[in-house]
Amino acid sequence: MDPALRFRDVAAGPSEPDSVQGLHTFSTRRVMKLESLLQYLEHYLSLSGYPDYPTALNGLQVEGRPEVTSIVTAVDASQATIDEAVRRQADLLLVHHGLFWDGLRPLTGRSYRRLKELILNGVGLYACHLPLDAHPEVGNCALLARAIGLEPTSRIGSYKGVDLGWSGTLRDAVTPMALVERVTAAVGGPVRLLEGGPDIVRSVGVVTGGGGSFIAEAAAAGLDAFVTGEGAHHNYFDAAEYGIHVLFAGHYATETFGVRALGDHLAERFGLDVAFLDRPTGL
Ligand SMILES: [Zn+2]
């Protein structure tokens with residue numbers, strides 16, 4: 001364990017099993033200083049200098065309690081996930097999409113309500129956007145790639161000098177419809193296929209979320225198919241004319257992998273109490 005990470009053990013309730021060692025004994029619940037958790041995440045997610053949208057504001061967006069025992073993770077910092085984090089008395093809400101996408105705006109109306117709810121209840125908010133799409137272990141793209149039988153070997157999805165996604169070869173070649181079924185099973189929701197590629201698919205690229213702008217790059221890389229969350233109307237013609245299958249598997253559905261995996265990682269490594277809040281948008 002990293003000596004820089006300071007813990008304090010506190011007595012837990014009698015029904016609290018030891019989640020760290022998986023023993024059926026009653027043990028302690030870990031408490032971690034928020035500052036230590038932030039340092040760890042900064043390093044693990046390589047946040048420093050990572051290019052992103054200016055409004056993504058990766059890292060701690062709203063300060064909460066100085067010590068963290070319980071974390072809830074979610075794709076979006078919506079009013080619904082904030083309310084649920086408060087209801088569960090979580091110390092930190094960790095999300096992929098943070099609070100400030102609208103940019104510099106007065107803190108009125110729903111912006112005010114979201115912030116007020118967090119601050120009055122001492123719940124911190126931590127956001128990690130593109131670094132969590134791109135991460136090799138807990139990233140949305142790598143995990144979705146593995147979930148569809150793709151060994152992620154090359155990078156794709158170039159954004160401001162970094163590659164967000166992964167590409168590789170399927171362990172077994174499939175028809176486009178078989179790939180659709182596989183992606184459907186992986187994301188647990190409907191998948192739309194824009195046909196344009198070969199009858200048999202071997203090489204696939206994955207960029208989660210709104211990755212429609214990477215279709216040309218995927219085609220130029222010689223890939224048979226490209227999986228992303230959502231795109232634009234003109235992507236239909238991109239698929240047909242670049243000669244690549246494009247699968248839209250849902251923005252939300254392709255981006256649950258990262259926060260869930262990061263939550264599991266923190267629970268395992270630090271013994272924190274972590275839960276994922278599933279609030280699908282259907283988009
Ligand atoms: Zn997204």
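A residue is termed buried if 20 or more other C-beta atoms lie within 10 Å of its own, exposed if 12 or fewer do, and partly exposed in between, with C-beta atoms placed from the backbone. By this criterion G139 counts as buried because it has 26 C-beta neighbours inside 10 Å.

The structure is a predicted model, in which local features need pLDDT of at least 70 and side-chain atom pairs count only at pLDDT 80 or more, while totals for chains, interfaces and linings use all residues. Residues are numbered from 1 along each chain as its sequence is written.

## Overall composition

The protein chain has 9 helices and 16 strands; these are DSSP runs numbered from the N terminus, with helices (H or I) of at least four residues and strands (E) of at least two. Of the 283 residues in the protein chain, 44% are buried. Two residues are in contact if their C-beta atoms, placed from the backbone, lie within 7 Å. Among contacts in the protein chain with a separation of 6 or more, 64% involve residues 24 or more positions apart.

An open sheet with mixed pairing is formed by 6 strands in the order 10-11-13-14-15-12. Two strands pair if DSSP finds at least two bridges between them. At the edges are strand 10 (150-159) and strand 12 (192-194), each of which pairs on one side only. On average, neighbouring strands of this sheet are turned by 25 degrees against each other, direction ignored. Axes here are lines fitted to C-alpha atoms, for helices over the stretch in contact, and angles run from 0 to 180 degrees between N-to-C directions.

Strands of a sheet pair through backbone hydrogen bonds, either parallel or antiparallel. The table lists pairings within this sheet.

| Strand pair | Sense | Bridges | Example of bridge partners |
|---|---|---|---|
| Strand 10 and strand 11 (residues 162-174) | antiparallel | 8 bridges | S158 and D163 |
| Strand 13 and strand 14 | parallel | 4 bridges | V204 and A225 |
| Strand 14 and strand 15 | parallel | 4 bridges | V227 and L247 |

Strand 14 is covered on both faces: A225 and V227 on one side, and F226 and T228 on the other, are all buried. A crossover is right-handed if, with the strands pointing away from the viewer, the path from the first strand over the helix to the second runs clockwise. Strand 13, helix 7 (residues 215-220) and strand 14 make a right-handed β-α-β unit. From strand 14 the chain then passes through helix 8 (residues 235-242) to strand 15, and this β-α-β crossover is right-handed.

## Helices on the sheet and against each other

Helix 5 (residues 140-147) lies across strand 10, strand 11 and strand 13 (201-207), and runs at about 0 degrees to strand 11. Helix 6 (residues 176-187) packs on the sheet and touches strand 11, strand 12, strand 13, strand 14 (225-228) and strand 15 (245-248); the direction of helix 6 makes about 25 degrees with that of strand 15.

Two packed helices are described by the angle between their axes and the distance between the axes. For helix 5 and helix 9 (residues 257-270), the axes come within 8 Å and cross at roughly 100 degrees. Helix 5 is therefore roughly perpendicular to helix 9, on a scale where angles under 35 degrees count as roughly parallel, over 145 as roughly antiparallel, 65 to 115 as roughly perpendicular and the rest as oblique. N140, L143 and L144 of helix 5 make the contact with F257, G258 and A261 of helix 9. These residues divide into 4 nonpolar, 2 polar and no charged, where Ala, Val, Leu, Ile, Met, Phe, Trp, Tyr, Cys and Pro count as nonpolar, Asp, Glu, Lys and Arg as charged, and the others, Gly among them, as polar.

## Individual positions

G139 is found in the loop between helix 4 (130-134) and helix 5. Not counting residues up to four places away in sequence, G139 touches L132, D133, A134 and G258. G139 and R260 are 121 residues apart in sequence and 9.8 Å apart in space, C-alpha to C-alpha.

V95 is placed in strand 8 (residues 92-97) and counts as buried, with 25 C-beta neighbours inside 10 Å. Leaving aside neighbours within four places in sequence, V95 is in contact with A74, V75, D76, A77, A127 and V259.

S46 has a positive phi of about 50 degrees although it is not a glycine, and L57, a residue other than glycine, has a positive phi near 45 degrees. S46 counts as partly exposed because it has 14 C-beta neighbours inside 10 Å; L57, with 16 such neighbours inside 10 Å, counts as partly exposed.
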